[in-house]
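Here are a few notes to read alongside the model. Have it open and follow the points in order.

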Amino acid sequence: MTRIAAVHGVLPPHRYQQSEITEAVAAMCLPPGADRSVLRRLHTSAAVTTRHLALPLERYADVQGFGEANDLFIETALGLAEQAMVSALAEAGLAPQDVDLVISTSITGLAVPSIEARLAARLGLRTDVKRVPVFGLGCVAGAAGLARLHDYLDGRPDQAAVLLSVELCSLTLQRRDTSVQGMVAGALFGDGAAALVAVGREHPRAREQAGPQVVATRSRLYPGTESALGWDIGDSGFAVVLGAELPDLVRLHLGEEVRSFLAEHDLKPPDVTAWVCHPGGPKVLEALQETLSLDARALDLTWRSLAEVGNLSSASVLHILRDTLAVPPPPGSAGLVLALGPGLCSELVLLRW
């Protein structure tokens with residue numbers, strides 16, 4: 001089975017209180033003199049206390065159009081990605097030349113050549129390294145990327161692979177967007193990056209690592225839900241699609257999905273010691289806890305991550321996995337990585353310590 005050797009999360013240096021971001025968003029998105037009470041209420045109810053941003057807060061008002069925002073994405077993403085990948089490899093005891101595959105993911109910017117290609121030479125990756133840049137999976141990509149890493153290593157058990165996620169959600173902010181979904185997105189999403197290193201079961205490092213093994217994965221699309229989550233892409237860049245029905249879709253689909261997946265491995269939700277769940281927002285997390293009848297503290301790390309850094313899209317679940325690895329459950333414990341994304345889709349990854 002695939003062994004997770006290390007996970008390293010990185011955040012930009014610009015950290016702000018939620019209240020500071022609220023007023024900056026109001027100034028950029030609301031007409032002069034407009035009532036700010038609804039926006040303030042949405043920001044307060046997001047359960048976010050602080051967030052890290054790609055740029056100093058005062059810089060955002062000067063960003064002109066999608067082209068400039070995307071240039072800033074590439075510039076900032078390269079630094080964060082390099083830091084995350086170098087640190088994760090060092091923690092795993094591997095050199096860049098040891099990496100056989102890099103899967104990179106982002107939903108908040110476009111780069112051709114892709115981020116990992118631009119970093120390859122300066123990191124010292126081999127010229128024959130396999131690369132799979134992914135765009136379009138959104139928040140689910142952290143879990144889905146781990147699952148696809150496992151698929152690859154299951155067939156090449158002597159190799160090592162890296163999952164790299166960089167998400168700069170703040171650079172997608174739409175000026176003058178007064179829609180409820182736009183304001184909710186402005187309240188929830190933050191910026192960050194993460195890298196995960198994994199090795200196959202026959203890799204020399206597989207027995208030396210204390211991280212969990214990937215036992216199984218499941219991918220699922222839910223037909224008829226395509227309009228619930230995603231982007232509307234236009235001249236101004238990425239405008240969020242964030243349906244109010246998401247919590248209800250979680251109740252409708254996720255409970256049975258998780259239970260049936262666990263049942264395939266003779267497990268039930270109470271048997272899962274470590275819940276590594278993407279922080280989709282307070283209402284989504286409450287729906288998940290309700291439909292799975294989870295213990296009140298089961299999602300503590302997820303709630304804490306939401307409060308401290310916001311929703312980092314695909315990088316969030318990797319940050320929460322890193323926090324889980326910092327205080328690992330007892331040997332033999334089961335863990336579940338869970339995320340939702342556009343499609344609407346879910347990805348489940350069963351872990352065993």
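This is a predicted model: local features need pLDDT of at least 70, side-chain atom pairs count only at pLDDT 80 or more; totals for chains, interfaces and linings use all residues.

1. Helix α7 (residues 246–263) and helix α8 (residues 282–292) have axes that come within 9 Å and cross at roughly 40°. That angle is why α7 counts as oblique to α8, and the crossing is right-handed.

2. Who makes that contact? From α7 come Leu246, Pro247, Val250, Arg251, Leu254, Gly255, Val258 and Arg259, and from α8 come Lys283, Val284, Ala287, Leu288, Glu290, Thr291 and Leu292. Sorted by class, there are nine nonpolar, two polar and four charged residues in the contact of α7 with α8.

3. On annotation, an unreviewed UniProt entry puts "domain: Chalcone/stilbene synthase C-terminal" at residues 215–352. Over residues 215–352 the chain is 36% helix and 30% strand, with the end C-alpha atoms 7 Å apart.

4. Now the sheet. Nine strands make up an open, mixed sheet, ordered β5-β4-β6-β7-β1-β8-β13-β12-β11. The edges belong to β5 (130–134) and β11 (272–277); each has a single partner strand, so one side of each has no neighbour in the sheet. On average, neighbouring strands are turned by 20° against each other, ignoring direction.

5. Have a look at β12 (residues 334–341) and β13 (residues 345–352) too: they run antiparallel and are joined by eight bridges. Glycine 341 sits opposite cysteine 345 in β13.

6. Finally, helix α4 (residues 115–123) packs on the sheet, where α4 touches β4 (101–105), β5 and β6 (160–168). The direction of α4 makes about 145° with that of β5.

Terms used. Residues are numbered from 1 along each chain as its sequence is written. Side-chain values use heavy atoms; hydrogens and water are left out. Axes are lines fitted to C-alpha atoms, for helices over the stretch in contact, and angles run from 0 to 180 degrees between N-to-C directions. Helices (H or I, at least four residues) and strands (E, at least two) are DSSP runs, numbered from the N terminus. Angles under 35 degrees count as roughly parallel, over 145 as roughly antiparallel, 65 to 115 as roughly perpendicular and the rest as oblique. A crossing is left-handed if the near helix is turned anticlockwise from the far one by less than a right angle, and right-handed if clockwise. Contact means heavy atoms within 4.5 Å. Ala, Val, Leu, Ile, Met, Phe, Trp, Tyr, Cys and Pro count as nonpolar, Asp, Glu, Lys and Arg as charged, and the others, Gly among them, as polar. UniProt positions are given in the numbering used here, feature names are shortened, and annotations may be inferred rather than shown by experiment. Two strands pair if DSSP finds at least two bridges between them.
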